[in-house]
Structures are given as C-alpha cells and as structure tokens.
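Please keep the sequence and the coordinates open beside the text while reading.

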Amino acid sequence: MKEDMRIRLMVIILDRGKGARAAELFASYGLPLHYGTPGRGTANSELLDYLGLGETEKDVVFSLVPGCTIPGLLQAAGEKLQLATPGKGILFTIPLSAVSGAAARFINSQAHRTGTEQEEHMPEQGKNELIVVVVNSGCTDTVMAAAKLAGARGGTILHGRRVGEETEKSGDNGVWLEKDIVAILAPRELRLPIMEAVNRAAGAATESHGVLFSMPVEETRGLPRLN
C-alpha cells in the first residue's frame, strides 16, 4: 500500500496544564511543528466530565502531521493521554487542501512512519464536523445557547482580534476589535441545524456579528456517543 504523505491538522483539547503531554507525544513521532493556545470549555455542568471537558480551562494544541503517522499517534494518544476514558480530552484531525511545499517536505522528512498497512478500523472516521463561529467578544453565551438547543454538546472558546484597516478605529460604528472564536465538534447530521440556529441568534445580522463556517473532520478520539 502506498505510504500516505498527505498533511493533516491534528488538534488535541486537554485540561489546562496538560498540553505539554501532547507536545511531547508529537515530538516523540518526530513532528516539529506544533503550537498551543489557551481555551475555555463550554459544556454544561452535567456533561463536563463525560465529554472530555472535566475542567473549564483548556490547552488546545495544533500540529501538522502526515497521514503515515496517524495510526500510531491515535493509539499512543489513547494510551498516554487516556483519551479512551471519558473526561480526559478530545482529539480530531482535519484534512488540508494545501500546505507549503517546504513545510510538507520538512514534516515528512522528520516524521517517524507507522505504516498505513497497519491502520486500525476507525468507526468514528468522517462522521463529524468542526463548526467555527467568530463573534464579537462577550457573545459566546448566545452562540452556545443556540447551538445546544440544536443538539451541540459543548465547545471550546479561543480569543482573537480582528485585523485590517478597521483596527485603526475604535469599537464605535459596529467595529469590534476583540473577537471570540467558538469551535464546536458535532456529528455531521447536526451541522446544518446547529449553524442555522447560531446564525439566527448570533449571525451577521445580529449584534454579535457572527461569521460561521464548518470543515470536515476525519478521525476523532475522546468524543463519546450519547443517546
């Protein structure tokens, strides 16, 4: 079987202070490009422990990984990060449409192969979507209230800032510099209901001025099925 050299984005969300373990795991596979940022979980209290959101404060770690490393990484993450246990964290991979040639060559030259011929069966593969909502700072409660009514179990909040010509102005005239980014991992069949609900409550026509988009997710770990 031809070795899978395509680059994916792997994302791991863990309780605050545990992101270093993910970075160590990536490094052990020869992966040189990984980045971390603080986040905040939004699952309601009765679901926090069950959904890998046992604490509100999160470490979010991103890494560019070639497909040939994914089988080994999934197994190692399940063991070393305990992602098979509800409440320990969430991992998912996102296919990328393009990566700079120099970066792709460097990543592939450093990565430790695990072999696609030994890929495990992945029942969760291709059944989830990552919904991203960018809204004015302070509007995340509106986003998550609408998303949960449509079936979302929780999300992770990152903080950002709008850049461009508008940043020279103040927050007057509807221009808000500070932004919140809400990332919601959800089953594919809930993507449209969640996005429609959030758009009504916090879309561009509202005071939240939300911008929404989604992207397909390949493998996931740590996301239990709830009836």
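Two residues are taken to be in contact when they have heavy atoms within 4.5 Å of each other. On that basis, among contacts in the chain between residues at least 6 apart in sequence, 82% join residues at least 24 apart. The model is a predicted one, and every value given here was computed from it.

**Overall fold and surface**

- The chain contains five helices and nine strands, and these follow one another along the sequence in the pattern β-α-β-β-α-β-α-β-α-β-β-α-β-β.
- The chain has 227 residues, of which 48% count as buried.
- Its accessible surface comes to about 11500 Å², and carbon and sulfur atoms account for 52% of that area.

**Nonpolar cores**

- In soluble globular proteins, nonpolar side chains tend to be buried together.
- In this chain the largest nonpolar core has 36 residues, and those with the most contacts inside it are Phe26, Leu31, Leu73, Leu81 and Phe92.
- At least two residues of this core come from each of strand S1 (7-15), helix H1 (19-28), strand S3 (57-66), helix H2 (70-80), strand S4 (90-95), helix H3 (101-110) and strand S5 (128-136), and S1 gives the most, with seven residues.
- Leu31, one of the residues with the most contacts inside the core, is in contact with Phe26, Ser63, Leu64, Val65, Pro66, Thr69, Leu73, Ile107 and Ala111, once its neighbours within four places in sequence are left aside.

- Just after H2, Gln82 takes a positive phi of about 60 degrees, which is a positive value in a residue other than glycine.
- Gln82 lies in the loop between H2 and S4, and it counts as partly exposed because its relative accessibility is 38%, a value between the limits of 20% and 50%.
- Ala84 also has its place in the loop between H2 and S4, and this residue counts as exposed because its relative accessibility is 71%, where exposed means over 50%.
- The C-alpha atoms of Ala84 and Arg221 are separated by 7.1 Å, although the two residues are 137 residues apart along the chain.

**Empty space**

- Rolling a probe the size of a water molecule over the atoms shows where empty space is left.
- The second largest pocket has a volume of about 250 Å³, and 16 residues line it, of which Phe62, Leu130, Val132, Leu158 and Ala183 lie nearest its centre.
- The lining of the second largest pocket takes at least two residues from each of S1, S3, S4, S5, strand S6 (156-161), S7 and strand S8 (211-217).
- The structure holds one cavity of 30 Å³ or more; the largest cavity has a volume of about 60 Å³ and is lined by Leu14, Lys18, Arg21, Leu81, Gln82 and Lys88.

- Lys179 lies in strand S7 (residues 178-187), and it counts as buried because its relative accessibility is 10%, the cut-off for buried being under 20%.
- The side chain of Lys179 is joined to the side chain of Asn136 by a polar contact of 2.6 Å.
- Not counting residues up to four places away in sequence, Lys179 touches Val134, Val135, Asn136, Ser137, Leu158, His159, Gly160, Arg161 and Arg162; Leu158 is also one of the residues nearest the centre of the second largest pocket.

**Another positive phi**

- His209 has a positive phi of about 50 degrees although it is not a glycine, and its position is in the loop between helix H5 (191-202) and S8.
- At 33% relative accessibility, His209 falls into the partly exposed class.

Note on methods. Residues are numbered from 1 along each chain as its sequence is written. This is a predicted model: local features need pLDDT of at least 70, side-chain atom pairs count only at pLDDT 80 or more; totals for chains, interfaces and linings use all residues. Side-chain values use heavy atoms; hydrogens and water are left out. Helices (H or I, at least four residues) and strands (E, at least two) are DSSP runs, numbered from the N terminus. Buried means under 20% relative accessible area, exposed over 50%, partly exposed in between (1.4 Å probe, protein chains only). A polar contact is a pair of N or O atoms within 3.5 Å; within protein, one must be able to donate a hydrogen and the other to accept it, and residues adjacent in sequence count only if both atoms are side-chain atoms. Accessible areas come from the Shrake-Rupley method with a 1.4 Å probe; for residues, only the protein chains shown count as cover. A nonpolar core is a set of buried Ala, Val, Leu, Ile, Met, Phe, Trp, Tyr and Cys residues joined through side-chain atoms within 4.5 Å. On a 1 Å grid over the protein atoms alone, a cavity is a set of points where a 1.4 Å probe fits but cannot get out, and a pocket is an open set with protein on both sides within 12 Å along at least five of seven lines; lining residues have an atom within 4 Å of a point. Grid points are joined across faces, edges and corners, and a volume is the space filled by probe spheres set on the points.
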